[in-house]
Amino acid sequence: MNKEIKYNNQADEDEIDLIALAGTLWDKRGFIIKTVLVFAVIGVIVALLSPKEYTATTKMVPQISGGSSKLGGLSSLASIAGVNLNLNKDITELMPQTYPQVVQSAPFQLQLMNEKFNFPGIGKPVSLYEYYTEHRKPGALAVVRKYTAGLPGIIISGIRGKDDEPEGIPLHDDSEIYLTREQEEVRKIISENLTLQVNDKDGFIQINSRFPDAVIAARVARKAQQLLQEYITAFKIEKATAQLKFVEERFNEKKGEFEKAQVTLASFRDRNKNVTSAMALTEQEQLQNEYRLAFEVYSNLAQQLEQSRIQVKEETPVFAIIQPVVVPHKRTKPNRPMILIVWIFLGGVASIGWVLGMQYLKEARGAWEKMKSEST
């Protein structure tokens, strides 16, 4: 019986607390409404001042060579279980799962950074690096963010100075790549605005390019698609290209030897038309043997050269563009209604939290004063 009374008292106290809490919020409704309105105004300002961004998308299907396997259907069954049984396959091409790493790599982004585009308001084609370092004007929100949340970074950068910055190394240099501070900042922008997604289920890759101008977003997406194809093609045909170069060099050498032997034999025959001596016939036979040998080597290398050229063509990957780049007409950012809703929600949470916090401090102060008076 006592337990039931205790439980009922606890329930009554909880109900009283909720009623008191609701009463406190109702008493402070004016403050809450004003705070929400202030946050709503801030949300409207943020939504209006947020820079516009457009996203261009392209989808393509890379043609990956399957490779022969003695395991037949067991290989596909094992792949479902996550086991790779095709161990004897040479790695001569990049798999689609590695494409995002290629797009996010420094050499790829540096090459894209130096590509020139026609930006609106600029009379000549400029690169992405020139645009972000010389021509781009940051918006009001970017300036506020720079001198508020980004102020510690500015102070640290000022303390470090520019003497600590390494000089950029050209892309054709085989040594390490050093980026200046400006290059690293532009590279981060490209890394955030250019993404690649691999759809393993449907077997296609998607490139997304997000920039303040719709036309630039489309052009950057198309250029990134071309550069990616060049990277993948260069990796795929690297071995075949090296073989072709080697055969071409040997072919040119043997071609010169064959032509020299041909000229030597013809010249000897012209000089010895009516000569029937054994010495002359022996020398002629020797020149003919050298000519035949040179011709056979030259002919074989000519066949190998043609085969190498065919091999390069066969190994060149083909990309099926299933969705070409289209200039977007609808912006993807900012989502102004969502920004306004978020700020109104933050205003409600902040105002209610403030009211409850002040009420808690008031009650805690009263309890402290009461405890002090009782102790004295």
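Of the 376 residues of the chain, 26% count as buried in this structure, which is a predicted model. The secondary structure of the chain comprises 13 helices and 6 strands, and residues 24 or more positions apart supply 74% of the contacts in the chain that have a separation of 6 or more.

Four of the strands form an open sheet in the order S4-S5-S1-S6, with antiparallel pairing. S4 and S6 stand at the edges, and because each has a single partner strand, one side of each is left without a neighbour in the sheet. Averaged over the sheet and with direction ignored, neighbouring strands are turned by 25° against each other. Strand S1 (residues 54–62) pairs with strand S5 (residues 204–211) in the antiparallel sense over 7 bridges, and within this pairing Ser209 of S5 is the bridge partner of Ala56. The antiparallel pairing of S1 with strand S6 (residues 319–323) runs over 4 bridges; here Val61 stands opposite Ala320, while the bridge partner of Pro62 is Phe319. Helix H10 packs on the sheet, where it touches S1, S4, S5 and S6, and its direction makes about 140° with that of S5.

In soluble globular proteins, nonpolar side chains tend to be buried together. The largest nonpolar core of the model has 35 residues, and those with the most contacts inside it are Phe108, Leu112, Phe119, Leu128, Leu194 and Leu228. Elements that give two or more residues to this core include the strands S1, S4 (194–199) and S5, together with the helices H4 (99–103), H5 (106–113), H6 (128–135), H9 (181–193) and H10 (214–236). H10 gives the most to this core, with 9 residues. Leaving aside its neighbours within four places in sequence, Leu228 is in contact with Met60, Val102, Val103, Phe108, Leu196, Ile205 and Ile207. A second, separate core has 12 residues, among them Ala240, Phe258, Ala261 and Tyr298.

Two packed helices are described by the angle between their axes and the distance between the axes. For helix H11 (residues 238–271) and helix H12 (residues 278–315), the axes come within 8 Å and cross at roughly 155°. As angles over 145 degrees count as roughly antiparallel, H11 and H12 are therefore roughly antiparallel to each other, and the crossing of H11 and H12 is left-handed.

Terms used
Residues are numbered from 1 along each chain as its sequence is written. This is a predicted model: local features need pLDDT of at least 70, side-chain atom pairs count only at pLDDT 80 or more; totals for chains, interfaces and linings use all residues. Side-chain values use heavy atoms; hydrogens and water are left out. Two strands pair if DSSP finds at least two bridges between them. A nonpolar core is a set of buried Ala, Val, Leu, Ile, Met, Phe, Trp, Tyr and Cys residues joined through side-chain atoms within 4.5 Å. Buried means under 20% relative accessible area, exposed over 50%, partly exposed in between (1.4 Å probe, protein chains only). Contact means heavy atoms within 4.5 Å. Axes are lines fitted to C-alpha atoms, for helices over the stretch in contact, and angles run from 0 to 180 degrees between N-to-C directions. Angles under 35 degrees count as roughly parallel, over 145 as roughly antiparallel, 65 to 115 as roughly perpendicular and the rest as oblique. A crossing is left-handed if the near helix is turned anticlockwise from the far one by less than a right angle, and right-handed if clockwise.
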